[in-house]
Amino acid sequence: MKPLEAELDRARELDVDALADAIETIGFECTRCGACCKSESGCGADDADEEPHTATVFPDEVRTLQSAADTDDYDWRDVARPMPYGLTEGPDGPEGETFEWALQTDDCGDCVFYEEGDDDYSGACAVHEDRPLICQTYPFSVDLGGTSQPMGEAVDEEGMVRAHECEGLGRDIDRADAVDLAEALKARAVRELEEAISVRDAFEPVETDTGEVVVHDSEGAKRPDGTPVDD
């Protein structure tokens, strides 16, 4: 069996109660600090040195967010951008091929759906009910090959569950909330591996021109606006 297929089988066999137990042991409560929605450095004067917010989003999640946005003219690029990793900086900007989509960011490198609170100490997601699985499960991930790791180093782990940097860690969590989070965490692991397998199986290299970016996802090769390259 191929490695990704083997990991997908493991993901499908993950026990939700065991994941919830691990989450309860670590503990978590969202403080609405907004750190997982914002760039690492914040919006300062030296924008070139800032690390933008980078959260993986699946193609169908992009379409869901397009529908959820409170406007009729939200296009693909308003929601998602090519994952920057793997691209090079050419004379006309980023170019090359990459293999994932990331949530779109604003001029400060923050997620475009992040809304700062009135007191500047808390924030909220403008599309909270439709937020992607990576956002639903932060700051947790599962220790499976082929799955992505969210922002922040892993600072704790319990069984298969890893916890990444977040000020909400270590706080009490209700069992029902832990189960909900565990279910989303399993769903994310399965989806990430299914996506990786589909990308691998469908991948055909594209010769990009100067300034051209191609994103390979489970639906094929796409331009940054989400349209197929072969259209």
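Reader: Which helices each supply at least two residues of the lining of the largest cavity?

Author: This is a predicted model, in which local features need pLDDT of at least 70 and side-chain atom pairs count only at pLDDT 80 or more, while totals for chains, interfaces and linings use all residues. Residues are numbered from 1 along each chain as its sequence is written, and side-chain values use heavy atoms, with hydrogens and water left out. A cavity is a set of points, on a 1 Å grid over the protein atoms alone, where a 1.4 Å probe fits but cannot get out, and its lining residues have an atom within 4 Å of a point. Helices are DSSP runs (H or I, at least four residues), as strands are (E, at least two), numbered from the N terminus. Here α5 (133-137) and α6 (175-202) each give at least two residues to the lining of the largest cavity, which is formed by T56, F58, E61, L133, I134, S148, R188 and E192.

Reader: How much space lies in the largest cavity?

Author: A volume is the space filled by probe spheres set on the grid points, which are joined across faces, edges and corners. For the largest cavity this comes to about 40 Å³.

Reader: What lines the second largest pocket?

Author: A pocket is an open set of points with protein on both sides within 12 Å along at least five of seven lines. The second largest pocket holds about 230 Å³ of space, and its lining consists of R81, P82, P84, L87, T88, E89, P94, V213 and P224. The elements giving two or more residues to this lining are β2 (80-82) and β3 (88-90).

Reader: What is the order of strands in the open sheet of four strands?

Author: Two strands pair if DSSP finds at least two bridges between them. The order in this open sheet is β3-β4-β11-β12, with mixed pairing, and the edge strands, each pairing on one side only, are β3 and β12 (220-222). Strand β11 (residues 213-217) runs antiparallel to β12 and is joined to it by three bridges, and V215 stands opposite K222 in β12.

Reader: Is F99 buried, partly exposed or exposed, and why?

Author: Buried means under 20% relative accessible area and exposed over 50%, with partly exposed in between (1.4 Å probe, protein chains only). F99 counts as partly exposed because its relative accessibility is 42%; F99 is placed in the loop between β4 (93-98) and β5 (101-103).

Reader: What is the mean pLDDT of the chain?

Author: The pLDDT is the predictor's confidence in each residue, from 0 to 100. The chain has a mean of 89, and 90% of its residues reach 70 or more.
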